[in-house]
Amino acid sequence: QAVTFSPKVKGVCKDLGFVRPAICQSMYIFKPAKIGGAVHAHQDASYLWTEPKQKLIGVWIALEDTTKDNGCLSFIPGSHKNGLLNGRRLVRNEENNGVLYRGDPPSNPVEEFIPACIKKGSAIVIDAFVLHRSEENRSTKSREIFTWHITETDGLTWSKENWIASDIKEFLPIQ
């Protein structure tokens, strides 16, 4: 809580033009040594959509050093300028009380992704449209991170199709 709602995070939100930022999701991701799985190429906007426009960032903090061997993040530079690729969204499917993907997954070659190895305690801010991924952990050390997503709540609504069934008013405001 001290990090998530810190003055630094508030400053980033202000610098990026957020008026009423709120946290819509947080995750602790643990990639154990030798077995931590890969995360396929994706855009965060595919999972967390606001209307009538998209305003979302992810904050990703390394709790241990991240390297190519232990599955650091990799990005395609400039990909945030392309909007939502192939209309790819994970949406709720009321018919079977589950979710399904709409649109084709990104098919960019792995060689286009640039690794972003960072030290323990460092943070990466991720635009909702940037294409990113991470490899499995092939090292003898774990790779732990804490990440959360911040959405704008001023003048926007949370898509009723989002896999997280919620109301934007329920999210934790960053004040």
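**The cavity and its surroundings**

Modeller: Strand β2 gives the largest share of the lining of the largest cavity, three residues. The model is predicted, so local features are taken only at pLDDT of at least 70 and side-chain atom pairs only at 80 or more, while totals for chains, interfaces and linings use all residues. Residues are numbered from 1 along each chain as its sequence is written, and side-chain values use heavy atoms, without hydrogens or water.

Strands (E, at least two residues) and helices (H or I, at least four) are DSSP runs, numbered from the N terminus. A cavity is a set of points on a 1 Å grid over the protein atoms alone where a 1.4 Å probe fits but cannot get out; a pocket is an open set with protein on both sides within 12 Å along at least five of seven lines; lining residues have an atom within 4 Å of a point. Points are joined across faces, edges and corners, and a volume is the space filled by probe spheres set on them.

The whole structure holds one cavity of 30 Å³ or more.

The largest pocket has a volume of about 360 Å³. It is lined by 20 residues, and M27, I29, V39, H42 and D44 are the closest to its centre. At least two lining residues come from each of β1, β2 (39-42), β4, β10 (132-134) and β11.

β1, β4 and β11 also belong to an open five-stranded sheet, ordered β9-β4-β11-β1-β13 with antiparallel pairing. Strands β9 (123-127) and β13 (172-173) are the edges; each has a single partner strand, so one side of each lacks a neighbour in the sheet. Two strands pair if DSSP finds at least two bridges between them. Five bridges connect β4 (residues 56-62) with β9, and G58 stands opposite I126 in β9. Helix α1 (residues 7-15) packs on this sheet, touching β1 (21-31), β4, β9 and β11 (143-152), and its direction makes about 45° with that of β11. Contact means heavy atoms within 4.5 Å; axes are lines fitted to C-alpha atoms, for helices over the stretch in contact, with angles from 0 to 180 degrees between N-to-C directions.
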